[in-house]
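Have the sequence and the model open as you read.

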Amino acid sequence: MSSSSRLRVEQTCRRGVRGWFGRVGAVLVAVVLVVAGALVPGVARAQTGDSVDSWDTTFTVDTDGLLHVSETIVWRFGSSSGRHGIKRTLPTREPFDKKDAVYDISDVSVTSPDASAEFTTSTDCERDNSRSCLETLKIGDANTRITSATATYTIGYTVSGALRS
């Protein structure tokens, strides 16, 4: 949890126990969603031999309940890799209790000091289950091969709908 998120939780604690439990629960749900999104199989798709050297995620929950996420990924390309970039998938809809949880992803940005930061996005739902949808960020340039062994990508985005009451 980032220090700014901890500060907000500590400040809400002073406002009273009832509000504190609701806000802490909301922050915990946000943490679970971010971690779950980062751990879903296929979230960062690797070509044969590719691996991740490090993956750091920070988030901030603002007063409007929006979740601001920043991920820094150091990607190691394998010897049989195409070395054009990476794909990062984020859940945008999934079953949650009796209703669906819908996450609106916005303000997407990508930077990289050593690879193309160009990206496209697409949203797809499972063929047999429209309740499970993913947004895919395809990062890189199909016409440019990355010559170094690693590339660092910083991906930023905002999520609405991540907090539950």
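**Salt bridges**

Start with Arg76, which makes a salt bridge to Asp53, with 2.8 Å between the closest N and O atoms. Here a salt bridge is a side-chain nitrogen of Lys or Arg within 4 Å of a carboxyl oxygen of Asp or Glu. Strands (E, at least two residues) are DSSP runs, numbered from the N terminus.

Before going on, please keep in mind that this is a predicted model, in which local features need pLDDT of at least 70 and side-chain atom pairs count only at pLDDT 80 or more, while totals for chains, interfaces and linings use all residues. Residues are numbered from 1 along each chain as its sequence is written, and side-chain values use heavy atoms, leaving out hydrogens and water.

How open are the two partners? Arg76 has 34% relative accessibility and Asp53 has 41%, so both count as partly exposed, that is, between buried (under 20% relative accessible area) and exposed (over 50%), with a 1.4 Å probe and protein chains only.

Now move to Asp100, whose side chain meets that of Arg93 in a salt bridge at 2.9 Å, N to O. Asp100 also pairs with Arg131, the closest N and O atoms being 2.4 Å apart. This second pair again links distant parts of the chain, with Arg131 in strand E8 (residues 129-140) and Asp100 in strand E5 (residues 99-102), 31 residues apart. Asp100 is partly exposed at 22%, as are Arg93 at 32% and Arg131 at 33%.

Across the whole structure, the search finds four salt bridges.

Note on methods. Helix = DSSP H or I, 4+ residues; strand = E, 2+ residues; numbered from the N terminus.
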